[in-house]
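Subject: Structure for you to look at

Hello,

Here is the structure I promised to hand over. Please open it first, then read my notes below.

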Amino acid sequence: VNIYQGTLRLAAGDNTLRPGNWMVLNGGNLDLNGNAQWVYGAVQDAGASTLGNTASIFGGAGSTLALAS
C-alpha cells in the first residue's frame with residue numbers, strides 16, 4: 001500500500017490490508033484504529049517529492065504494527 005497524503009484508517013479488524021506486503025510511506029497518516037497490521041517492511045519512495053511531508057502511524061490502545069524486516 002502507498003500512502004502519500006491524507007489519513008488511511010483501518011476499520012475491518014486485524015490485518016485489514018493484505019498482510020506481508022510492503023508499505024510505502026511518503027506522507028499522510030496510517031491510523032491503525034485499535035487494530036493490528038503485519039507488513040513486510042516500510043519504505044519511502046526515493047522518486048517521490050516529500051518536501052514538507054511527514055508520515056505518521058498511530059491508532060490508540062491495542063494498535064500494533066508488526067514489521068518483518
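**A loop residue and its contacts**

Leaving out residues up to four places away in sequence, Asn 35 touches Leu 10, Ala 11, Gly 13, Asp 14, Gly 62, Ser 63 and Thr 64. Contact here means heavy atoms within 4.5 Å. Asn 35 sits in the loop between strand 4 and strand 5 (36-39). Strands (E, at least two residues) are DSSP runs, numbered from the N terminus. Is Asn 35 buried or exposed? Asn 35 counts as buried, at 10% relative accessibility. The cut-offs are under 20% relative accessible area for buried, over 50% for exposed, and partly exposed in between (1.4 Å probe, protein chains only).

**Before you go on**

This is a predicted model: local features need pLDDT of at least 70, side-chain atom pairs count only at pLDDT 80 or more, and totals for chains, interfaces and linings use all residues. Residues are numbered from 1 along each chain as its sequence is written, and side-chain values use heavy atoms, with hydrogens and water left out.

Three strands make an open sheet, in the order 2-4-7, and the pairing is parallel. Strand 2 and strand 7 (55-58) are the edge strands, so each pairs on one side only. Two strands pair if DSSP finds at least two bridges between them. On average, neighbouring strands of this sheet are turned by 15° against each other, direction ignored. For that angle, axes are lines fitted to C-alpha atoms, and angles run from 0 to 180 degrees between N-to-C directions.

Now the bridges. Strand 2 and strand 4 are joined by three bridges. Strand 4 and strand 7 are joined by four. Leu 30 has Ile 57 in strand 7 as its bridge partner. Asp 31 stands opposite Phe 58 in strand 7. Arg 9 stands opposite Asp 31 in strand 4.

Strands of a sheet pair through backbone hydrogen bonds, either parallel or antiparallel.

**The salt bridge**

How many salt bridges does a search of the whole structure find? It finds one. The side chains of Arg 9 and Asp 31 meet in it, at 2.7 Å, N to O. A salt bridge is a side-chain nitrogen of Lys or Arg within 4 Å of a carboxyl oxygen of Asp or Glu. The pair links distant parts of the chain: Arg 9 is in strand 2 (residues 7-9) and Asp 31 in strand 4 (residues 28-31), 22 residues apart. Arg 9 is exposed, at 53% relative accessibility. Asp 31 is buried, at 5% relative accessible area.

Best wishes
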